Amino acid sequence: GSVKNGAEKLSNVASIYTGDVYRANVKALLHFDGANGSTSINDDTGRIWTSSVATIDTSTYAFGGASVYFNGTGSYITTAYSTDFELETSDFTIELYLNPTSDIQGTILTNRDGGDRGWLLRREVGGGLGFYYIGSSGSSLVTASSAIPLNTWTHIAVTRLGTILRIFINGVLVSSLLNLVQSSPSLKALSIGSTRGDGSLYRYFKGNMDELRITKGVARYTQDFTPQAHPFMY
């Protein structure tokens with residue numbers, strides 16, 4: 001606004017919202033950047049991750065010049081248990097870019113503890129994408145079998161808002177579930193690239209991942225959207 005000859009003039013009011021509304025809700029933000037072959041995994045939120053054989057790969061990526069590669073036989077990444085990843089009773093958004101190189105059934109992300117607790121996101125044989133609340137009373141949501149093709153970067157987003165669970169592929173809503181029933185929260189570490197169960201590891205993912213962001217308490221997408229044309233920020 002301005003004042004002239006004792007008269008105050010005001011322009012139209014415009015409201016601008018920044019990412020701060022989400023910042024506190026972002027629990028993991030991994031760009032998987034770094035030197036080729038490195039096992040150092042950085043998280044913009046400051047969370048500590050440990051790599052077992054999973055390595056930074058500069059030969060293919062969605063953004064930023066690098067991604068993380070899983071060999072399908074024993075590579076994975078973990079971070080310690082945190083209530084931040086108890087998504088069994090909370091709204092959330094999980095999003096990343098995926099480039100599978102094998103048609104095996106491979107775990108993308110999970111906190112499964114081997115019993116009837118936790119959740120699981122994985123690529124199914126043939127290319128389907130499944131999100132599961134583990135246990136006999138848990139809910140599951142699976143896409144069409146061709147949703148995640150081989151040797152192609154595909155944007156994935158899984159959200160929960162209230163009692164609605166949704167899966168988006170490349171910004172398009174492809175599957176949803178109403179009146180979901182959750183399992184109990186898991187107390188295990190979060191694992192990327194493999195499933196933990198009864199003290200063992202299995203269902204290793206083979207291929208590359210990039211730009212992983214986990215937001216708790218917020219469903220960032222509730223309808224079709226265009227994936228960001230730059231790496232995920234807060």
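Mentor: Helices (H or I, at least four residues) and strands (E, at least two) are DSSP runs, numbered from the N terminus. This is a predicted model, in which local features need pLDDT of at least 70 and side-chain atom pairs count only at pLDDT 80 or more, while totals for chains, interfaces and linings use all residues. Residues are numbered from 1 along each chain as its sequence is written, and side-chain values use heavy atoms, with hydrogens and water left out.

Trainee: How many helices and strands are there in the protein chain?

Mentor: Counting the DSSP runs just described, the protein chain has one helix and 19 strands.

Trainee: What percentage of the residues of the protein chain count as buried?

Mentor: Buried means under 20% relative accessible area, exposed over 50%, and partly exposed in between, with a 1.4 Å probe and protein chains only. Accessible areas come from the Shrake-Rupley method with a 1.4 Å probe, and for residues only the protein chains shown count as cover. The chain exposes about 10,500 Å², of which carbon and sulfur atoms supply 49%. Of its 234 residues, the share that counts as buried is 50%.

Trainee: Among contacts between residues at least 6 apart in sequence, what percentage join residues at least 24 apart?

Mentor: Contact means heavy atoms within 4.5 Å. Among the contacts in the protein chain between residues at least 6 apart, the share joining residues at least 24 apart is 63%.

Trainee: Which residue in E19 is the bridge partner of leucine 98?

Mentor: Strand E8 (92-100) has nine of its nine residues buried, with Phe92, Ile94, Leu96, Leu98 and Pro100 pointing one way and Thr93, Glu95, Tyr97 and Asn99 the other way. Two strands pair if DSSP finds at least two bridges between them; E8 is joined to E13 by seven antiparallel bridges, and leucine 96 stands opposite isoleucine 156 there. E8 also pairs with E19 in the antiparallel sense over eight bridges. In E19, the partner of leucine 98 is methionine 209.

Trainee: Which residue in E16 stands opposite threonine 110?

Mentor: Threonine 110 stands opposite leucine 120 in E10, and E9 and E10 are antiparallel strands joined by four bridges. E9 is mostly covered, since five of its five residues are buried, and two bridges join E9 to E16, again running antiparallel. The residue opposite threonine 110 in E16 is serine 191.

Trainee: What is the bridge partner of isoleucine 77 in E16?

Mentor: Strand E7 (residues 76-79) is covered on both faces, with Tyr76 and Thr78 on one side and Ile77 and Thr79 on the other, all buried. E7 pairs with E4 in the antiparallel sense over three bridges, where serine 52 stands opposite tyrosine 76. Three bridges also join E7 to the antiparallel strand E16 (residues 190-192), and the partner of isoleucine 77 there is isoleucine 192.

Trainee: What is the volume of the largest cavity?

Mentor: On a 1 Å grid over the protein atoms alone, a cavity is a set of points where a 1.4 Å probe fits but cannot get out, and lining residues have an atom within 4 Å of a point. Grid points are joined across faces, edges and corners, and a volume is the space filled by probe spheres set on the points. The lining consists of Ile94, Leu96, Ile108, Leu109, Leu121, Ile192, Met209 and Leu212, and E8, E9 and E19 each supply at least two of its residues. The volume of the largest cavity is about 30 Å³.

Trainee: Is glutamate 211, with its positive phi, buried or exposed?

Mentor: Most residues other than glycine have a negative phi, and most peptide bonds are trans. Glutamate 211, in strand E19, has a phi near 50 degrees. At 1% relative accessibility, glutamate 211 counts as buried.

Trainee: And is asparagine 151 buried or exposed?

Mentor: Asparagine 151 is found in the loop between strand E12 (140-142) and strand E13 (154-161), and its phi, near 55 degrees, is also positive. With a relative accessible area of 56%, asparagine 151 is exposed.

Note on methods:
On a 1 Å grid over the protein atoms alone, a cavity is a set of points where a 1.4 Å probe fits but cannot get out, and a pocket is an open set with protein on both sides within 12 Å along at least five of seven lines; lining residues have an atom within 4 Å of a point.
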